[in-house]
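I opened my notebook to look up a few places in a protein model.

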Amino acid sequence: HAAKIIFIAIKLNGVQRGLISEIISQFQCKGFKLVVIKIVVPSKDFPKKHYHDLKERPFFNGLCDFLSSGPIVAMVWEGEGVIKYGRKLIRATDPKKSKPGTIRGYLAIVLIILFPCKNIIHGSDRPETAKDEINLWFKPRELVSYSSNAEKWIYG
Ligand code: DAT
Ligand code: MG
C-alpha cells in the first residue's frame, strides 16, 4: 500500500536541537504508525542518491554536504493519507512561507531562512518517491509489520 506510507527524515539540525520527540509526537498524535526508525550519519554520496532529481540545481552540492555532515533520524510512518497530511504538516520548503503550527513554521529558525536545506525535516512528496526513498534508506526486513492497538479507535 504505497499511498499509505511516507519516508520522514529529521535533519541533523533538528536532531541537534532536540526536536526528535516533538516531530515524532506530531505524527503519533495524528494516529499514524511508526514502522521503522533509525539514526544514521549518511556517507558523502548517500544524499546525492536521495536528492538525485535535484542534481541540476545550484544548491545541490551544499544540500548534500549538509545532509552527510551529522546524524539524521530516518523513519517510515504509515496510515491513511499519511503523504498528503504529512506534507501539509511539514509545509513549505522555505520556512518563512510556512504557517505557525506546521513543523517548519513552528520549528525552523531564522538561520534556516538563509539556508533552506536546514529546514529541519524531509518528507516524501508522492507514493512513488516514498517507495524509492524507503528502498534507499532501509532494507525490507527493517520495516516492522504490526497492528497498532489504537487502530480501532482511529479507523473504527
Ligand atoms: P521539500 O523538502 O519541501 O520537499 P524540495 O524537494 O524541493 O523541497 O527540495 C529539497 C531540499 O532542497 C529542501 O528541503 C531544501 C533544499 N532546497 C530546495 N529549494 C531550495 C532553494 N531554492 N535554495 C536552497 N535550497 C533549496
Ligand atoms: Mg522534496
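My entries on these places follow.

**Ground rules.** I am reading a predicted model, where local features need pLDDT of at least 70, side-chain atom pairs count only at pLDDT 80 or more, and totals for chains, interfaces and linings use all residues. Residues are numbered from 1 along each chain as its sequence is written, and chains are lettered from A and ligands numbered from 1 in the order in which they are written.

**Entry 1: the annotated site.** I looked up the UniProt record. Its unreviewed entry places the feature "active site" at His122. UniProt positions use the numbering used here, feature names are shortened, and annotations may be inferred rather than shown by experiment. I found His122 in strand β4, residues 121-123. Strands (E, at least two residues) and helices (H or I, at least four) are DSSP runs, numbered from the N terminus. Is His122 buried or exposed? His122 counts as buried because it has 21 C-beta neighbours inside 10 Å. The cut-offs are 20 or more other C-beta atoms within 10 Å for buried, 12 or fewer for exposed, and partly exposed in between, with C-beta atoms placed from the backbone. Leaving out residues up to four places away in sequence, His122 touches Ile8, Ala9 and Lys11. Contact means C-beta atoms, placed from the backbone, within 7 Å.

**Entry 2: positive phi.** Most residues other than glycine have a negative phi. I noted Ile120, not a glycine, with a positive phi of about 80°. Ile120 sits in the loop between α7 (110-114) and β4. It is buried, with 24 other C-beta atoms within 10 Å. I also noted Arg91, with phi near 75°. Arg91 lies in the loop between α5 (82-90) and α6 (103-107).

**Entry 3: helix α2.** Which residues of α2 (residues 20-29) are buried? I listed Ile23, Gln26 and Phe27. Down the axis of α2, these fall within an arc of 90°, so they line one face of the helix. The arc is taken from the directions from the helix axis to the C-beta atoms. Ser21, Ser25 and Cys29 are exposed on the other side. The buried residues pack against elements including β1 (5-10), β3 (72-78) and β4.

**Entry 4: the core.** The largest nonpolar core has 31 residues. Such a core is a set of buried Ala, Val, Leu, Ile, Met, Phe, Trp, Tyr and Cys residues joined through C-beta atoms within 7 Å. Ile6, Phe7, Ala9, Trp77 and Ile121 touch the most other members. Beyond four places in sequence, the contacts of Trp77 include Ile6, Phe27 and Val82.

Methods. Two residues are in contact if their C-beta atoms, placed from the backbone, lie within 7 Å.
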